[in-house]
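Welcome! Take a moment to look over the sequence and the 3D view before reading on. The notes below walk you through a ligand and some aromatic rings.

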Amino acid sequence: MSRKVKNTEDMEISFIAPPEGNEDVIPDQKEHFQLPTRFGAVPVDEAPLGWEIETRRREVKVTKFQHAYPTIRLPLQEVKRVEFGHGEAFLAENEKDNKLKALFPTGANRLFFGDNLHIMRQLPSESIDLIYIDPPFFSGRNYNVIFGDKNEVRSFSDIWEGGMPGYLVWLNARLWEMKRLLKPTGSIYVHLDWHAVHYVKVEMDKIFGADNFRNEIIWHYSGWNKQLNDHVERRHDSLLFYAKGKGNYFTYPKRPWESKEEYVKKRKQKVHVDEQGREYVLSDAGGGQRVRRFIEEAMAYGSPLDDVWDIDKINNSDRLERIGYPTQKPEVLLEGILKMSSNEGNVIDDFFCGGGTTPAVAQRLNRRWIACDQSRIAVAITADRIAKIMQQKDDLFLPVPDFTVEHWGIYEAPKLEQYSIEQFREFVVKAFGGRPESASDAIHGMRYGVPLYVGEPSRKSRICRDDVARFAKAVYEERRANHGVMLGWNFGPDARKAAEILAARENRRIDFVRLNLIRLEDEAFREHVVTKNRDYAPLLSFIQPPEVRIAVRRVSPLTYEFDVSESVSLNKDGLIANVQWDFSHKAGRFNSTQGYTFLRDKKTGRPLLAVQYAFPKAGAHTIACSVQDDQGGERTVVQPIEVT
Ligand SMILES: C[S@@+](CC[C@H](N)C(=O)[O-])C[C@H]1O[C@@H](n2cnc3c(N)ncnc32)[C@H](O)[C@@H]1O
């Protein structure tokens, strides 16, 4: 499925590229936007906000959101793989379906850490059956910062900067990619509340076509209504349900009747009893015909739902489902959506996954899933939640795909050091916006026609004078070029000297070679990304996992206090942002203990760094602690403890 894309500067990048075609057009809805002529020339904008049309040299070019969010392509870094033992089966599945293979190249479900727009732009078109998103509601800056890590906080500043239009351009750019990703039979649900839903409806009519609007599902949640001064309590959210086109997959949802009395009350009809003692009501069959509807059958059939769903929010005392962050949605709500608009084996996506409610329900209902969040804490909570479901799942005979955690844009340096030299070179060349090459020993890629050299994966390595000489020779002899770029964690002073000598030959010898020596952590390495848009400033950066120090103190028999306040983030201005505890750790699978996933100080909202736990019995135990900092770093440490 992946295709080579040639860009004007003769550089090739091998990423998954969407096929050119009808993705570039917005639905033609002349009638829908028709204005009575008598109203004269009132401008009606059929294009979604942020959709740009550029006229260059009399050529009209659609640049769809490229002005607001220019495309950048960066590699993905797999930092974790959670295995359930059936990986081979899903790799075999891939061989039967190219789209599946392009979407799940390693056969595993995928959990992405990064900004969803850029990640979506690297996924294949028409490959997803159902998308559910629960984006920030435009309900004010502070309300929407949930997990508190830098990435999350930073992203909200740009959304709110422009007011509602800025929010709509931000969301439209993402909705546009979601439309491209949906299969022709696909559906999308956008979860919002009164703050933005009406504005987004207008934009979605433009992007998906008003004819493809299906429902505004009202999620009504009860609560204790306070008597407010100037309006009544707002106790519902709205889910805008659109199809990609005609023939979207749909199963009419029904709920079980609570009782026969509820059914009869709803029918508002007299109950009759037939000669066999079966109860029935008479229902209209049209044409004045009336038919017997037997109550038992009707009960079994269930009560067809409408577009108002009464589902309570997760109760504070619900220790099983409640994780503890403000915007967590009830699993039963997602269950209704997945059962209505998807089938077993279908691909479900949530690009604002938060604590992972959608992938958790998809996992339980045997759907394939892709999830994404720009908060590393949200990703950690989601990964833990999926692993927990598998821990509780009893029918393990049903093959279940592994899942991977993949970083986009912010990379774990220690994990890169574990790459093979080939993997590392491919990663660095792609991150630098080049095309990897493996034909030559000394030339590892090209960018805009300039040869590239990449050093060793280890951060302790230094590119030295001999590397410089070897590369310069290859640049000149193999490519007849006088310019090259060397990329590495560090350069030895002799390498810099050697490069100066080579460059000094210019105007004296033809075999002069000017070499740029760029460290991976230099601004020059990420210039091609951060100069494209100020919001891209944090991208192409390398982070370290935090240093975790656990202090253990016996408080009373079987009860211990665990304190990680001595732990530190190893990233610049980094802070410890979340701590998860697993007090019955099994090798290879972190599974936070119920209630120890997202602990916050009630007053400050800051993460709790010290906790107490009462072990069920004395003896040898193994505990694990997973710590995330607010820059995207995560480290899990495992420790034995003798409990008395
Ligand atoms: C309202 S929460 C989703 C909660 C989720 N439905 C649940 O039940 O747990 C919205 C999430 O979107 C994430 N987010 C916001 N902007 C994002 C972006 N551009 N890319 C990826 N995630 C983003 C936030 O970090 C937050 O976790």
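Let's begin at the ligand: a backbone N or O atom of Asn-116 lies 3.0 Å from one of the ligand's nitrogen atoms. Keep in mind as you explore that this is a predicted model.

**Around the ligand**

- Gln-374 also uses a backbone N or O atom, which is placed 3.1 Å from a nitrogen atom of the ligand.
- Asp-373 takes part through its side chain: a polar atom there lies 2.7 Å from an oxygen atom of the ligand.
- How much of the ligand's accessible area does the protein cover? On its own the ligand has 610 Å² of accessible area, and the protein covers 99% of that.
- The ligand is surrounded by 24 residues, and the closest are Asp-134, Tyr-325, Lys-329, Thr-357 and Asp-373.
- Sorted by type, the shell around the ligand holds eight nonpolar, ten polar and six charged residues.

**Aromatic pairs**

- A pair of aromatic rings is described by two things, the distance of the centres and the angle of the planes.
- The count of aromatic pairs in this model comes to 34.
- Phe-213 and Tyr-242 are an edge-to-face pair, because their planes meet at 65°, with the ring centres 5.3 Å apart, and an angle over 60 degrees counts as edge-to-face.
- This pair links distant parts of the chain, since Phe-213 belongs to strand 9 (residues 213-220) and Tyr-242 to strand 10 (residues 236-243), 29 residues apart.
- Phe-213 counts as partly exposed at 25% relative accessibility, whereas Tyr-242 is buried at 0%.
- Phe-562 and Trp-581 have ring centres 5.6 Å apart and planes at 45°, so this pair is tilted.
- Here too, distant parts of the chain are linked: Phe-562 is in strand 28 (residues 559-563) and Trp-581 is in strand 29 (residues 576-582), 19 residues apart.
- Phe-562 is buried, with a relative accessible area of 0%, and Trp-581 is buried with a value of 0%.

**An aromatic cluster**

- Which residues form one aromatic cluster? They are Tyr-411, Tyr-419, Phe-424, Phe-427, Phe-432, Trp-489, Phe-525 and Phe-542.

**Charges over rings**

- The charged end of Lys-313 is found over the ring of Tyr-221, 4.3 Å from the ring's centre.
- Arg-368 lies over the face of Phe-104, and the distance to that ring centre is 4.1 Å.

How values were computed. Residues are numbered from 1 along each chain as its sequence is written. This is a predicted model: local features need pLDDT of at least 70, side-chain atom pairs count only at pLDDT 80 or more; totals for chains, interfaces and linings use all residues. Side-chain values use heavy atoms; hydrogens and water are left out. A residue is near a molecule or strand if one of its heavy atoms lies within 4 Å of it. A polar contact is a pair of N or O atoms within 3.5 Å; within protein, one must be able to donate a hydrogen and the other to accept it, and residues adjacent in sequence count only if both atoms are side-chain atoms. Accessible areas come from the Shrake-Rupley method with a 1.4 Å probe; for residues, only the protein chains shown count as cover. Ala, Val, Leu, Ile, Met, Phe, Trp, Tyr, Cys and Pro count as nonpolar, Asp, Glu, Lys and Arg as charged, and the others, Gly among them, as polar. Rings of Phe, Tyr and Trp (its six-membered ring) pair if their centres lie within 6.5 Å; planes under 30 degrees apart count as stacked, over 60 as edge-to-face and the rest as tilted. Helices (H or I, at least four residues) and strands (E, at least two) are DSSP runs, numbered from the N terminus. Buried means under 20% relative accessible area, exposed over 50%, partly exposed in between (1.4 Å probe, protein chains only). A charge sits over a ring if NZ of Lys or CZ of Arg is within 6 Å of the ring centre and within 35 degrees of the ring normal.
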